[in-house]
Amino acid sequence: MKFQGRTQNILPTKVAADLPALGSESHVVHVKLFTPYGGWTWLLTEYDPASDEAFGFAYNASDPCGAELGYVSVAELRSLGARLGRYTVQAVERDTGFRPCALGAAVDRECPGARNLWVAR
């Protein structure tokens with residue numbers, strides 16, 4: 001999909017290289033992705049460059065009870081667009097100021113509506 005305006009590589013090679021491999025059972029969030037025009041947040045803990053899949057915590061502020069740990073296609077996130085008037089803009093961005101931290105701490109800070117649902121620390 002062609003986007004108008006500014007675009008961002010949500011998982012550049014250097015950032016992807018810092019993510020542990022899928023199946024490593026990492027409990028450290030290395031990347032935060034989000035939708036600036038919606039309420040979605042993905043906190044990524046693992047990544048496989050061959051399949052372009054990641055593992056982490058997904059949270060929708062509109063439905064905090066639907067928060068879950070699971071797999072996500074990074075290719076699919078890259079392809080998502082959001083309509084702003086007559087323009088289609090990139091829907092998912094990476095928080096470039098995010099610093100790696102424990103999964104529990106990241107959920108508490110970045111997904112406040114999920115705080116009571118998430119018990120693993």
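Predicted model: local features only at pLDDT ≥ 70, side-chain atom pairs only at ≥ 80, totals over all residues.
Residues are numbered from 1 along each chain as its sequence is written, and side-chain values use heavy atoms, with hydrogens and water left out.

Glu-46 sits in strand S3 (residues 40-48); helices (H or I, at least four residues) and strands (E, at least two) are DSSP runs, numbered from the N terminus. Glu-46 is buried but has no salt bridge, and the nearest side chain of opposite charge, Arg-78, is 16 Å away. For the charges, Lys and Arg count as positive and Asp and Glu as negative, with His and the chain ends not counted. Buried means under 20% relative accessible area, exposed over 50%, and partly exposed in between (1.4 Å probe, protein chains only). A salt bridge needs a side-chain nitrogen of Lys or Arg within 4 Å of a carboxyl oxygen of Asp or Glu.

What does the side chain of Glu-46 have close to its polar atoms? The backbone nitrogen of Gly-23 lies 2.7 Å from one polar atom of that side chain, and the backbone nitrogen of Ser-26 lies 2.9 Å from a polar atom of the Glu-46 side chain.

**The salt-bridge network**

The structure holds 4 salt bridges, including these:

| Pair | N to O distance |
|---|---|
| Asp-95 and Lys-32 | 3.7 Å |
| Lys-32 and Glu-110 | 2.6 Å |
| Glu-110 and Arg-109 | 3.0 Å |

Salt bridges that share partners join Lys-32, Asp-95, Arg-109 and Glu-110 into one network. Asp-95 and Lys-32 meet in a salt bridge. Asp-95 is in the loop between strand S8 (93-94) and strand S9 (101-102) and Lys-32 is in strand S2 (residues 31-34), so this pair ties together parts 63 residues apart in sequence. Lys-32 also meets Glu-110; here the link runs from S2 to helix H3 (residues 103-110), 78 residues apart.

How exposed are the members? Lys-32 is buried at 12% relative accessible area, and Glu-110 is buried at 19%. Asp-95 is partly exposed at 24%, as is Arg-109 at 48%.

**Helix H3 and its cover**

The buried residues of H3 are Leu-103, Gly-104, Ala-106, Val-107 and Glu-110. They span an arc of only 165° around the axis (taken from the directions from the helix axis to the C-beta atoms), which puts them on the same side of H3. Their cover includes strand S1 (28-29), S2, S3, strand S4 (53-60), strand S5 (68-73) and S9.

Cys-101 is buried at 16% relative accessibility, and Cys-111 is buried at 0%. How many disulfides (cysteine sulfur atoms within 2.5 Å) does a search of the whole structure find? It finds 0.

Most residues other than glycine have a negative phi. Glu-25, though, has a positive phi of about 55°; it lies in the loop between helix H1 (13-17) and S1 and is exposed at 63%. Asp-52 has a positive phi near 60°; this residue is in the loop between S3 and S4 and is buried at 14%.

How values were computed:
Polar contact = N/O pair within 3.5 Å; in protein donor to acceptor, adjacent residues only side chain to side chain. Disulfide = S-S within 2.5 Å. Contact = heavy atoms within 4.5 Å.
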